[in-house]
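These are my notebook entries on one structure.

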Amino acid sequence: MLDYSNLKSSMWFSAWGVLIVAAIYFRPLMPVDETRYVAVAWEMWLSNNFLVPQLNGSTYSHKPPLLFWIINLGWGIFGINEWWPRMVAPLFGLACLPLSAFICRRLWPKSQAYFIVPIILIGTFYWGLYATLTMFDLIITFWTLIGILGIIDIGSNLQLRGSVLFTLAIGFGVLTKGPVILVYLLPSALLAPFWTANEKELNWLKWYAVILANIVVGTAIALSWAIPAGIA
């Protein structure tokens, strides 16, 4: 019997693979952003200073360090190369496909729309473009989806797992692109009592207390880098 779930996943991954291979094969790193971000990661590697990103010897305070850390981690594992920095954002984009499908199934369990969602993402112009660029957008999208999944879990009596996911999304989202992660997650979190599965049984005071505690802990994760970096 044909396994349709595997067939669907293969279609997602195949479309993603064609997109990424074509982008890496047919174009170089694009100025100004891609070349700048790889240059910051390279300077981090050369200076062995993983706390404060730098560009041309000056502090690079425009973006947090998570992308540069991941690039350096890959260089440490695979050696210095050009392909690894160009794979970081696409790999996060790949992870967003099953995440989006899973969230769709959690929200609409009786619908088959979960299969269509990744196909729509891959076929969208801006998604297809940014999925091939060494930038922060697909990484912050990944953490946003993790946060949304955490909110769904908290509202579905999976409070511990949901709190962990939401906290990590806040912390690593800030380390990816700064406090903008709150712009993406706070509206969903604040309005969740109106759309979660157990909205009739939800204790609003407890809900907002849990969300606030998760935000505080997530912020502490980001501050564990930001404070030492600021001092340095």
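Which side chain meets that of Arg 106 in a salt bridge? I found that it is the side chain of Asp 153, at 2.7 Å from N to O. A salt bridge here is a side-chain nitrogen of Lys or Arg within 4 Å of a carboxyl oxygen of Asp or Glu.

**Entry 1: basis of the values.** I note that this is a predicted model, in which local features need pLDDT of at least 70 and side-chain atom pairs count only at pLDDT 80 or more, while totals for chains, interfaces and linings use all residues. Residues are numbered from 1 along each chain as its sequence is written, and side-chain values use heavy atoms, with hydrogens and water left out.

Entry 2: Asp 153 lies in helix α7 and Arg 106 in helix α4, so their bridge ties together parts that are 47 residues apart in sequence. Helices (H or I, at least four residues) are DSSP runs, numbered from the N terminus. Asp 153 counts as buried, at 0% relative accessibility, whereas Arg 106 is partly exposed at 24%. Buried means under 20% relative accessible area, exposed over 50%, and partly exposed in between, with a 1.4 Å probe and protein chains only.

I then checked Arg 161, whose side chain meets that of Asp 153 in a salt bridge of 2.8 Å, N to O. Arg 161 counts as partly exposed, at 43% relative accessibility. Through shared partners, salt bridges join Arg 106, Asp 153 and Arg 161 into one network.

I also looked up Asp 33 and Arg 36, whose side chains form a salt bridge of 2.9 Å, N to O. Both residues lie in helix α2, 3 residues apart, which is about one turn of the helix. Asp 33 is partly exposed at 29% relative accessibility, and so is Arg 36 at 26%. The count of salt bridges comes to 6.

**Entry 3: the nonpolar core.** How many residues does the largest nonpolar core have? I recorded 66 residues, and those with the most contacts inside the core include Leu 67, Phe 68 and Trp 143. Helix α7 (residues 137–155) gives the most to this core, with 12 residues. Such a core is a set of buried Ala, Val, Leu, Ile, Met, Phe, Trp, Tyr and Cys residues joined through side-chain atoms within 4.5 Å.

I followed Leu 97, another of the residues with the most contacts inside the core. Not counting residues up to four places away in sequence, Leu 97 touches Trp 12, Trp 16, Pro 118, Leu 121, Ile 122 and Trp 127. Contact means heavy atoms within 4.5 Å.

**Entry 4: helix α3.** This helix (residues 66–78) has 13 residues and reaches 18 Å from its first C-alpha to its last, close to the 18 Å expected at 1.5 Å a residue. Among its buried residues are Leu 66, Ile 70, Asn 72 and Trp 75. The buried residues of α3 pack against α2, α4, α7 and α8. After α3 comes Gly 79, with a positive phi near 90 degrees.

**Entry 5: Gln 159.** Gln 159 is in helix α8 and is partly exposed, with a relative accessible area of 33%. Leaving aside its neighbours within four places in sequence, I found Gln 159 in contact with Asp 153, Ile 154, Lys 206 and Val 210. Its C-alpha atom is separated by 9.8 Å from that of Trp 207, 48 residues apart along the chain.

Note on methods
Helices (H or I, at least four residues) and strands (E, at least two) are DSSP runs, numbered from the N terminus. The expected span of a helix is 1.5 Å times one less than its number of residues.
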